[in-house]
Amino acid sequence: MTTTDHSNTYQDEVQFTCDAGFVLEGAAVVRCRADGRWTSMLPTCSTAGAQTSPACMDPMGMEDGSIPDNSITASSVYRYEHRAYYGRLNSLHEKGAWVAGANQAGQWLQVDLGGPAVVHGVVTQGRRTADQWVTSYKLQRSWKGTSWTTYTGTDGSDKKLI
């Protein structure tokens, strides 16, 4: 999805379009209100005429390594042996997990899928060698890695995954 601007103020109007092969769902144009919110929920792009099939439910590469290590980054790392790419599902690495450098909100793990992709779900797990795990998180998406949008619930509020 592309927009014409990333810094918006009151009364600004933003037009949304989708890349080829995707269909815009929602309003193509939204306006910034005085309270800093948009006049409607921001639109999303979905694949045109996509039908759910077993192929759509295939893993995307975090477990089998088809997503390269350098496509997995993190806000911080506790130690060298807890690098971001050890955050793979069912990692066989001795430490078996990405561990953030600080035990506080705002830490993140980022996976570059290499292009537009339909994500049907996310699987998480704790550290296999210790009683450590994330208790909740927000899922965000970005086209270029500079502006992020949090997935929202049906009421428009940030969707918190537990």
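## Contacts and overall make-up

Of the contacts in the chain with a separation of 6 or more, 40% are between residues 24 or more positions apart, where contact means heavy atoms within 4.5 Å. This is a predicted model, in which local features need pLDDT of at least 70 and side-chain atom pairs count only at pLDDT 80 or more, whereas totals for chains, interfaces and linings use all residues. Residues are numbered from 1 along each chain as its sequence is written, and side-chain values use heavy atoms, with hydrogens and water left out.

The chain holds 0 helices and 11 strands; helices (H or I, at least four residues) and strands (E, at least two) are DSSP runs, numbered from the N terminus. Buried residues make up 16% of the 162 residues, buried meaning under 20% relative accessible area, exposed over 50% and partly exposed in between (1.4 Å probe, protein chains only). The chain exposes about 11,400 Å², of which carbon and sulfur atoms supply 50%, with areas taken from the Shrake-Rupley method with a 1.4 Å probe, and for residues only the protein chains shown counting as cover.

## Strand β2 and its partner

In a regular strand the side chains alternate between the two faces of the sheet. Strand β2 runs antiparallel to β4 (residues 29-31), to which 3 bridges join it; two strands pair if DSSP finds at least two bridges between them. Gln15 has Val29 in β4 as its bridge partner.

The table lists the relative accessible areas of two residues.

| Residue | Relative accessible area |
|---|---|
| Thr150 | 13%, buried |
| Gly96 | 4%, buried |

Thr150 lies in strand β10 (residues 149-150), and its side chain makes a polar contact with the side chain of Gln140 at 2.8 Å. A polar contact is a pair of N or O atoms within 3.5 Å; within protein, one must be able to donate a hydrogen and the other to accept it, and residues adjacent in sequence count only if both atoms are side-chain atoms. Leaving aside neighbours within four places in sequence, the residues in contact with Thr150 include Asp158 and Lys159.

Gly96 is found in the loop between β6 (72-74) and β7. The C-alpha atoms of Gly96 and Arg127, 31 residues apart along the chain, are separated by 6.1 Å.
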